[in-house]
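Hi there,

Here is the structure I promised to pass on to you. Have a look at it first, and then read on for what turned up.

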Amino acid sequence: MNTSDTFEIFLVCAPGVESLLHQEVSERGFADPQITGGGVTIMGGWPDVWRANLELRGAVRVLARIGSFMAFHLAQLDKRSRKFPWGDVLRTDVPVKVQVTCKASKIYHAKAATQRIETALRESHGITISPEAEMVVKVRIHDNQVTISLDTSGEALHKRGHKEAVGKAPMRENLAALFLRQCGYDGQEPVVDPMCGSGTFLIEAAEIAAGLQPGRSRRFAFEDLASFDEVAWEAMKKGASQGLSKKQFFGSDRDAGAIRMSTANAERAGVAQACSFSCHGAGEITPPEGPPGLVIVNPPYGARIGNKKLLYPLYGTLGQTLLERFKGWRVGLVTSEPPLAKATGLPWKPLGPSVAHGGLKIWLWQTPPLR
């Protein structure tokens, strides 16, 4: 059992984008990031946990692995759970919820294991158990090793805290940020989204350009832990951004409601001065003045919304418009339907791995600069 100053921190992401999150984690200066299935593991202490929640755009949540021990039967699990130093991190005035998974272990009944750990927390440490608690203790029993993690994020990290309005099939912010990274976006070039919905791609791109911390507007579960240092946390949060002086992010949508949504979301995020939103169809887009940049779009797939057959003309029109008007621009397009991507007639590069998103497999399709 180990609850020393340095412990393993697991940064969860959507399956298929681990290498992109690994790039971001490395760039942000976290120690020794290692790719594992469904995320990236780093070593660090509580300040690293806070900073990961605050600064990482691509992570879904941050799990702090606060200790582990071996247990071969429920009585042993009960005894060792009672001895575990929960009080170092959990507060008696903050209720917790326990979630247990068992795999390849002599303890195979997750519900019974959950009851033992809950009883230990309640009886030996005076901690309240509640199924509605926001503080989640995640216990994984694998090969008879009991690993205890805390979900330090609370709400998933794609909820940045300043986006109230979303469309029917929204792109999550953390996935949007990683797709921008995959397209080579570095914060310098203009970005166009011809089906912008609630503005996710453009707002993420604008925040990256402005150097804004993605978690600046929200609360996190770790603020209710005994290990939390409010003074250090406030010092970690930056004040003003670099500021964006020119219009660099251009969104359009044929739905006037989407334009109202994206405009309001950009204002709440503090990047409205760099964004321009207009109401028209994808076939009417024109490139802004200045150098070429990135067109990135998440069109309807037909999987959830509407009929797939009706989408072929939409994709075809989009592709034709981009080929005619956006010479020198790169294109990134997200879809679950390869035939729809091919219907654009765009010169796609070889496809990367699929990404799990809302029960679908989606791909980011990319072009070189259009000629």
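To follow the first finding you need one definition: rings of Phe, Tyr and Trp (its six-membered ring) count as a pair if their centres lie within 6.5 Å. On that basis W50, F220, F222, F228 and W233 form one aromatic cluster. Please keep in mind that this is a predicted model.

The structure holds eleven aromatic pairs. One of them joins F84 and W86, with ring centres 4.7 Å apart and planes at 55° to each other, so the pair counts as tilted. Are these two residues buried or exposed? Buried means under 20% relative accessible area. F84 has 0% relative accessibility and therefore counts as buried, and W86, at 1%, counts as buried too.

Now for the whole protein. It contains ten helices and 14 strands, and its C-alpha trace spans about 70 × 45 × 35 Å along the principal axes. A compact globule of 371 residues would have a radius of gyration near 21 Å, and the protein's 23 Å agrees with that. Of the 371 residues, 52% count as buried. Among contacts with a separation of 6 or more, 78% are between residues 24 or more positions apart.

Enjoy exploring!

Best wishes

Notes:
Residues are numbered from 1 along each chain as its sequence is written. This is a predicted model: local features need pLDDT of at least 70, side-chain atom pairs count only at pLDDT 80 or more; totals for chains, interfaces and linings use all residues. Side-chain values use heavy atoms; hydrogens and water are left out. Helices (H or I, at least four residues) and strands (E, at least two) are DSSP runs, numbered from the N terminus. The radius of gyration is taken over C-alpha atoms; the globule rule is 2.2 Å times the number of residues to the power 0.38. Buried means under 20% relative accessible area, exposed over 50%, partly exposed in between (1.4 Å probe, protein chains only). Contact means heavy atoms within 4.5 Å. Rings of Phe, Tyr and Trp (its six-membered ring) pair if their centres lie within 6.5 Å; planes under 30 degrees apart count as stacked, over 60 as edge-to-face and the rest as tilted.
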